[in-house]
Amino acid sequence: MMNYSETSFAQSTTAPFLSLEAVRKTYPGVVALDGFSMEVGPGEVIGLVGENGAGKSTLMKILGGVTRPDSGTVIVDGVAHDGLTVEASIGSGIAFVHQELNLFENLDVAANIFFGREPLKAGPLRLVDRAKLRQMAAPLLKRVGANFSADAPVASLSLAQQQMVEIAKALSIKARLVILDEPTSSLPIAETEKLLDVIKGLRAEGISVIFISHRLHEVERVADRVVVLRDGMLAGTLPKSEINHDQMVKLMIGRMLKEREKAAEAGRAPGGVALSANAVRTSTYPDRPVSLDLRRGEILGLAGLVGSGRTELARVLFGIDERLGGSVSLDGKALNVTSAADAVANGIFLVPEDRKLTGILLDLSIAQNISLPNLPAHAKRSLVSAGAELATAEKQKKNLGIKAPSVLTRTGTLSGGNQQKVVLAKWLAMNPKVMILDEPTRGIDIGAKAEIYGLMRSLADAGVAVLMISSDMEEVIGVSDRIAVMHEGQISGILDRNDFSQENVLLLAVGKKPRLAQAAGGAQ
Amino acid sequence: MSKKDLGLLVLILVVGAVVTAINPRFLLPINLANTSNLIGLFGILSIGQAFVIITGGIELSVGSLVALLGTLFIDFIAVREMDWPLAFVLIIVLGAIIGFVHGWLITQLKMQPFVVTLCGLLIYRGVARFYTADGTAGFAFGQNFPDLEFLTAGRSYGVPNSFIALIVIAIVMWVVLHRSVFGRYLYAIGKNEEAAKYSGIRTGRIVIAAYVICGVLTALSAIYFAMYTRSISPASHGQFYELYAIAAAVLGGFSLRGGEGSLVGVILGTVLLQELQNLVNLLGIPSSLNFAVMGGVILIGVLVDQQWGVFRARRRMLEATRRNVAGAPAE
Amino acid sequence: MSKKDLGLLVLILVVGAVVTAINPRFLLPINLANTSNLIGLFGILSIGQAFVIITGGIELSVGSLVALLGTLFIDFIAVREMDWPLAFVLIIVLGAIIGFVHGWLITQLKMQPFVVTLCGLLIYRGVARFYTADGTAGFAFGQNFPDLEFLTAGRSYGVPNSFIALIVIAIVMWVVLHRSVFGRYLYAIGKNEEAAKYSGIRTGRIVIAAYVICGVLTALSAIYFAMYTRSISPASHGQFYELYAIAAAVLGGFSLRGGEGSLVGVILGTVLLQELQNLVNLLGIPSSLNFAVMGGVILIGVLVDQQWGVFRARRRMLEATRRNVAGAPAE
Amino acid sequence: DDKPTLAFVVNGASDFWKAAEAGVKKAQGELPDYTLELKYPEQSSVAIQQRLMDDLVTAGVKGIMVSAVDPKTSTDGLNKIASETALFTTDSDAPQTKRVAYIGSSNVDAGKQAAEIAKKAMPDGGKCLGFVGLLGADNAKERIQGMKDGLAGSKIELVDVRGDDIDQARAKKNVEDALVASPDITCMVGFYSYNTPRIYEALRDAGKLGSITVVGFDDDPITLGGVKEGTVAATVVQQPFEWAYQGMKLMASYLKGDKSGIPENGLIIVPTKIIGKDDVDAYAANLKAMAGK
Ligand SMILES: Nc1ncnc2c1ncn2[C@@H]1O[C@H](COP(=O)(O)OP(=O)(O)OP(=O)(O)O)[C@@H](O)[C@H]1O
Ligand SMILES: Nc1ncnc2c1ncn2[C@@H]1O[C@H](COP(=O)(O)OP(=O)(O)OP(=O)(O)O)[C@@H](O)[C@H]1O
Ligand SMILES: O[C@@H]1[C@@H](O)[C@H](O)OC[C@H]1O
Ligand SMILES: [Mg+2]
Ligand SMILES: [Mg+2]
């Protein structure tokens, strides 16, 4: 293991803005941070990477004053604290974009951006100066590339747009250090580019940035230095010259990964059409009919810009949202799905975008989560058989390599990647015909990602039709057999393997024609 | 039995021991029978409430329903001279229908449980009062229904049949809540309704079923209450019974946020509440303090339970830290 | 004024017009004065409740507090012969302390608002009854407090001073809720308490402040109620007032989940409820139906409001579909 | 129609007032020029009753006869009504107000009659326990006081009175608990109309009917049945029918300017009666006849 002092002191010519010394934080049964130390210089962009559960968010929460460390010191701008409070953190110029979104749906965008720091009218009444508030918000929104106005209610924004508000909020603080905890996890490519530009701009202004991401290529592009966390300890730091994908992975998980090769393995020849959507209309784009054929044994990637309607399509196919028109058929037979229960009964399963809200029940055990969609099969005369339930769970735990003390462990205590595996496990324990995965690797570390890609491939190999919605360009290109691209609620084109390229996906995503290998081919 | 339930049981026994020490007549068979009769009545009501609370809902119309359904039952058999088994079935069906309507408004029209059942609270009592023109529904002197009276107000081997009914219902409902597929769904919905829906559960139907169960059990207890008082002034009968039922569930470890609580807990909660009422009378405490004693004990009970949980969690954490600190150099 | 508030206002005017058509005495100055006096009393209470509901909490002890604080107030000035301004201040401070304790239990000891205030409901009434030994607190014959009486029960230019007090309080509270930083924090906490905490807001203090405001306004209205009835039987005084206050807030667009509602809404909700009560008496509807009418109107009001929203959303969607089906061939 | 309205406002919903309703009805038959009505407040609370009367005045009611929830302390509110309409009181008086007259029982006398029943039934003395709805209400307090006065000097003692807030389940449980807590009790008194039937039933369930002396108030059918059976010693009945019937007629003539029916002291006491085993049949028949109209 590398020694931190070697690398960090070598670089800092000026005094660091922030330094952490031997910070330790434990939760019952877990050491989240184990004597961790690091420094951040002024105007330095630190890429912070590590597996799920390595302790990244814990570290950031300590810097944000949300959690207190058990021991260790945080020195901000020369002032030592044994634990920051939220106020002290904000006061010392630390701005924070949390991993979980923290917006108020009932307030408008401007109110959210300046929440807790509202401009006040003169007088002792502490009244909010609302005109000034809007005026101050506008330039920030422009800077993050927002396409919505300052007085839009946050409830009307998509997940990605909300993430932009979060970023604007961090920028609004006259910050000396901006912490971004997986800010891109639901941002598609164009918005991600904007964000990377913003980070570069901050550096130019002498503002420090800590950038946490599981998308290592993004880290590669902006970081001046990469800090790798493993099991709550510093696994090493990489100076600018040594930052590359393989190095990071090696430090993160202690070995090299063959994830790309594995994902790229071509599938077998796909079978017949399993799920067919014909002129389906969704409530977000009621005027845009969508038609799509999904074949047995293929992984069909579904790409598109933020708000292009992919999630909505998945929700309609899964029966959560109402289908406003068109028809759907499964294996050639017309299908009328009006609830998730109908979809499940027909073997159509969804791994949703928002794991914590809709994917799993954090308070239930792993075994209870896995059996939930298929309880009657684990019951005799309507009474749940604990034995059958445990057997299924043990089998899935083994198959998927879920890391947990036991299948009776509360799911909420697992790291993100393992939680995601539990979501997969509950469907794999049944017999999927069609598996829809919405951002299946959002916030998942690179090791777990590879395992999930492997699982998707073996599902396809077993004849399941897989629809994978993803905003991660590498993933879409690396994993799919075909790629469908959505643009403003409609399928703008479908690419075959030999036409796969980042450029083509992007062209279709903005509604333009792709450049195809065989000019005769033509997009659909 | 969970730790929480055990704690409650200990509290019940301690209170019982103290009362016995002051007035040994507390343990007389007749007193135990009287109190267990009311435990039966309120217990059935509270189990119904518990099924709704577990889904994260609430049923505030319970007291008014006890008044309305009780009034109708007595009116059916005493005035309209209907056969009591027919009237019995009618009332139960009516309870189920009302529960269904509540569940339907809540799940299909997306109204808040608090609002729907608050309106129920206002409406049902009004209807009952209108039905009797603000009078009383009661039996004429000497009007007797031996079978019905035996089943509702009678005793078998000294044990009130209402208490036996509670035990039977509790056993059945324990299995339903803690062992059946339906019960698992209820907990899942209470914890996270969205996620349950995404797992393919027809959450609407399950929630409606919970309200129907509550309606049926409320109707049943309405009949028991009617046969106990044998006379009903709709303006006041059953007033605040929803609070008794909710309090029993909360004492028994149910969270009003849903997804938590055990059937044993709600029964023990009911037992404690009735023990407290009994105590007020047996120890000659002014009746005015009846409610205050109840409120005080609930507050302290919930507080102690919660702080005890916090304390244990803290201790566990400290221990973990200590262990880790001790182990650190070895790494 | 929001669309929701406007809808409520229209409903109030329509109901008023219908009642006037049937019984023109509805518009007599004396009737308007009587009704607006009660609007003043209940309005102050409901604004307090609204501040708690906006945080996602609930205050069930309001009715019992009206009884306890009213009893104490009358006892202080009539029996203990305290100067009324001193008694007034004492009662307000007591309301603030009780609100503080509730807020403290809820935010610091993490108890559920429903549980804390339910216990309050039981305890305070018990204490009030015990204090008067289940008797009545009232003024002796001829005991008069001209200034106090003018301020609480008097009229200025025919307008009840209680109503004027409500208007003043409403304006102040409107500014606090809708224009001040504190108000903004209340909305934020109601929607997402965690996020507010992460933004460096001391959410605990804000929530406690909301309960203190509720306690103070409840204490104030308790004094008004006491001076209105001039006599208090703690066993029944103020019973169910928490339901009135909650109903006014819910009618006025507040969500019991927190983070939603406007001050104008809660005032209009109070006006509608009092109008309904007035109507029942004026049109000679049996009083037994009073509550039923109230329940029915709340249910229908909330339902229509909600379904109207759903209906508009659906129509907008369908229109968009139609537009495009027509346009489709052009693609 | 423009006929002047007279209202009879009771103190709370109870079957007790059904007889008054019958009285109002009978009076209506004899007063075709008036509209008579009987009003129940939604709850037995001062504020709600005050509100009801305010609204009645607004609606143009010419005269109100009220059983005030808490007359002693409602002076101002009642005076306000009295200034706008002819106000009479019934059931419990408010002598300090500007009411025209009181028509009703004397609750103190009723309590004394209860004492008489007890003394007659238990010549060797005994220990009594009372049960009542609202311990704080005036009529309850006066009856209890009257009974205590009446028992003074005898070997009978009224040991305690338990309240139930008009919750009938609690009313019955209170009796059951009393049987356990105080085995030496030899007599029970039901002060409110529904208390006696609850005592009757709890005693029947415990097999103690007949071995404990029951003193009743009012004429609930169960109470009258118990009297007839001999298990209730006797009951003190009030005459709400008469209050209503005579009261409405009195009010009508008063409004027409005929004040001859109003006595000097403003008190029209309709005496309470003791109904024992011998009178019960006649009384019940009379009751039926009145209600049957
Ligand atoms: N509130 C908590 N209670 C118990 N354990 C916790 C808590 N928060 C974090 N942990 C544990 O601490 C460890 C570090 O978690 P942390 O959230 O910092 O990981 P991370 O590096 O941000 O992972 P990810 O990439 O999945 O976001 C994990 O094992 C996690 O389970
Ligand atoms: N929960 C929601 N609440 C409100 N609007 C939503 C919600 N989810 C999606 N939308 C809206 O629907 C549109 C389509 O969103 P959808 O989520 O289907 O797109 P997507 O292609 O999956 O993009 P994303 O990356 O945002 O998930 C978006 O413009 C967004 O405004
Ligand atoms: O006031 C009434 C009282 O006189 C009667 O005895 O019981 C019922 C009460 O409502
Ligand atoms: Mg994290
Ligand atoms: Mg999406």
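Leaving aside residues up to four places away in sequence, D:I185 touches D:K127, D:C128, D:L129, D:V159 and D:I212, where contact means heavy atoms within 4.5 Å. This is a predicted model, in which local features need pLDDT of at least 70, side-chain atom pairs count only at pLDDT 80 or more, and totals for chains, interfaces and linings use all residues. Residues are numbered from 1 along each chain as its sequence is written, chains are lettered from A and ligands numbered from 1 in the order in which they are written, and side-chain values use heavy atoms, with hydrogens and water left out.

D:I185 sits in the loop between α6 (168-181) and β8 (187-190) of chain D; helices (H or I, at least four residues) and strands (E, at least two) are DSSP runs, numbered from the N terminus. With a relative accessible area of 7%, D:I185 is buried. The term buried means under 20% relative accessible area, exposed means over 50%, and partly exposed lies in between (1.4 Å probe, protein chains only). One of the residues that D:I185 touches is D:I212; the two are 27 residues apart along the chain, and their C-alpha atoms are separated by 7.7 Å.

## A buried threonine in chain B

Helix α12 (residues 263-282) of chain B contains B:T270. The relative accessible area of B:T270 is 2%, so this residue counts as buried. Its contacts, not counting residues up to four places away in sequence, are B:I39, B:F42, B:G43, B:S46 and B:A248.

## Contacts between chains

Five pairs of chains touch, and among these the most contacts are between chains B and C. Chain A and chain D, by contrast, are joined by no contact, and their closest C-alpha atoms lie 37 Å apart.

## Ligand 1 in chain A

A residue is near a molecule or strand if one of its heavy atoms lies within 4 Å of it.

Oxygen atoms of ligand 1 lie 2.7 Å from a polar side-chain atom of A:S57, 2.8 Å from a polar side-chain atom of A:K56 and 2.9 Å from a polar backbone atom of A:G55. On its own, ligand 1 has 640 Å² of accessible area, of which the protein covers 74%. Accessible areas come from the Shrake-Rupley method with a 1.4 Å probe; for residues, only the protein chains shown count as cover.

The shell around ligand 2 consists of A:A155, A:S158, A:T284, A:L305, A:V306, A:G307, A:S308, A:G309, A:R310, A:T311, A:E312 and A:E353, divided by class into three nonpolar, six polar and three charged residues. A polar side-chain atom of A:T311 lies 2.5 Å from an oxygen atom of ligand 2. For A:S308, the distance from a polar side-chain atom to an oxygen atom of ligand 2 is 3.0 Å, and for A:G309 a backbone N or O atom lies 3.1 Å from such an oxygen. The protein covers 71% of the 600 Å² of accessible area that ligand 2 has on its own.

The magnesium ion (ligand 5) is coordinated by A:T311 (OG1) and A:E353 (OE), at 1.9 to 2.4 Å. Because A:T311 lies in helix α11 (residues 310-317) and A:E353 in the loop between β16 (348-351) and α13 (355-359) of chain A, the pair ties together parts that are 42 residues apart in sequence. Donors are N, O and S atoms within 2.8 Å of the metal (3.2 Å for Na, K and Ca); water is not among the atoms, so sites may look incomplete. A:T311 is partly exposed at 23% relative accessibility, and A:E353 is partly exposed at 23%.

## Ligand 3 in chain D

Around ligand 3 are D:N11, D:F16, D:D91, D:N139, D:R143, D:Y192, D:S193, D:D218 and D:Q238; by class, the shell comprises two nonpolar, four polar and three charged residues. An N or O atom in the side chain of D:N139 is 3.1 Å from an oxygen atom of ligand 3. Polar side-chain atoms of D:D91 and D:Q238 each lie 3.2 Å from an oxygen atom of ligand 3. Taken alone, ligand 3 exposes 270 Å², and the protein buries 94% of that.

Terms used:
A polar contact is a pair of N or O atoms within 3.5 Å; within protein, one must be able to donate a hydrogen and the other to accept it, and residues adjacent in sequence count only if both atoms are side-chain atoms. Ala, Val, Leu, Ile, Met, Phe, Trp, Tyr, Cys and Pro count as nonpolar, Asp, Glu, Lys and Arg as charged, and the others, Gly among them, as polar.
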